[in-house]
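Student: I would like to learn how to read aromatic side chains in a model. Could we work through one together?
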Amino acid sequence: MSVLSYQDIIRELGKGILFHPLKPGSIKACELCLTASEYAYAIGLQQRLPIETESNPDNPSEKQKFFYIPPRDTALVWTDEAVELSNQFRGPLYSVVKLVSEGLGHIGTRVNPNWSGVLCIALHNLSDKEVRINVKDVENPIAHLAIEKLSSKSQNVTHRSSDARLDVLIGRPNAQEINDYFAQKQNTWMKRDSDLLRKLMVESDEYKKLKKGVKDTLLGFLGSDQQTRWSAIGSIAGALGIIISLIALFKSSDSSTLNPKTDTTPQRQANPNKTISPGSNR
């Protein structure tokens, strides 16, 4: 099992990994940032947490939405991003140090192979004060998702949990608004609609930017213009041809040394009828 790096994650986007919406900064060194959506349910209060808004001090035209997790309460927070993993990957979730230092408990869960949809993350406020959670803020995520490649493909082709883990709301009062939101037709990408999730991701500007960035980085090693790149490719192909020829030559040389040397000296057959006396040299 190995952990995917920044470049590995980008290469797998659209293949073994789907992630939407991608935001600038969603992919860190070896993880994906998960941000809070506007939908969070407080178990103690038994209601959806209200959303508040304030102006961004650095950019007054932008508004930042947020909510508070009450003291000594647990909030079920649905992520703004949906993720899908193939049967080759799994994803452990890790806590954000800043939020833990403010009183939130550690996160201990994972994304199983073949999962598709948004995640429901339980955030436990262990402190005696409210803890603020920003909405859709990639600079202040609620969890980090690492991607691990399995040593062999998972044989479990389906997951047992309900879509978007809405099963955790069954029997809870004042939860209909959240259920109605995820039931909307345009939100099916949040609940195991792989085709729509893929379409939205590959058509997004951030996805195209990330893929183009990796391509430009690879081409950058070959030169700044097209003619130089083709010359570099030709040189690399020539070098590979020489290496292959040398390997074939060495293999041929090694195999020849293994063949036993043929003795061309004629052999005389002893006469079975001849009697040899003791002490005779013949």
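Student: Is Phe66 buried or exposed?

Tutor: This is a predicted model, in which local features need pLDDT of at least 70, side-chain atom pairs count only at pLDDT 80 or more, and totals for chains, interfaces and linings use all residues. Residues are numbered from 1 along each chain as its sequence is written, and side-chain values use heavy atoms, with hydrogens and water left out. Buried means under 20% relative accessible area, exposed over 50% and partly exposed in between, with a 1.4 Å probe and protein chains only; Phe66, at 4%, is therefore buried.

Student: How many aromatic pairs does the whole structure hold, and how is a pair described?

Tutor: A pair of aromatic rings is described by the distance of the centres and the angle of the planes. Rings of Phe, Tyr and Trp (its six-membered ring) pair if their centres lie within 6.5 Å, and planes under 30 degrees apart count as stacked, over 60 as edge-to-face and the rest as tilted. The search of the whole structure finds 5 aromatic pairs. Tyr39 and Tyr181 are stacked, because their ring centres are 4.0 Å apart and their planes lie at 20°. Phe66 and Tyr68 are edge-to-face, at 5.6 Å centre to centre and 85° between the planes.

Student: Which charged residue sits over the ring of Phe66?

Tutor: A charge sits over a ring if NZ of Lys or CZ of Arg is within 6 Å of the ring centre and within 35 degrees of the ring normal. Over Phe66 it is the charged end of Arg132, 3.8 Å from the ring centre, while Arg48 lies over the face of Tyr39, at 4.1 Å.
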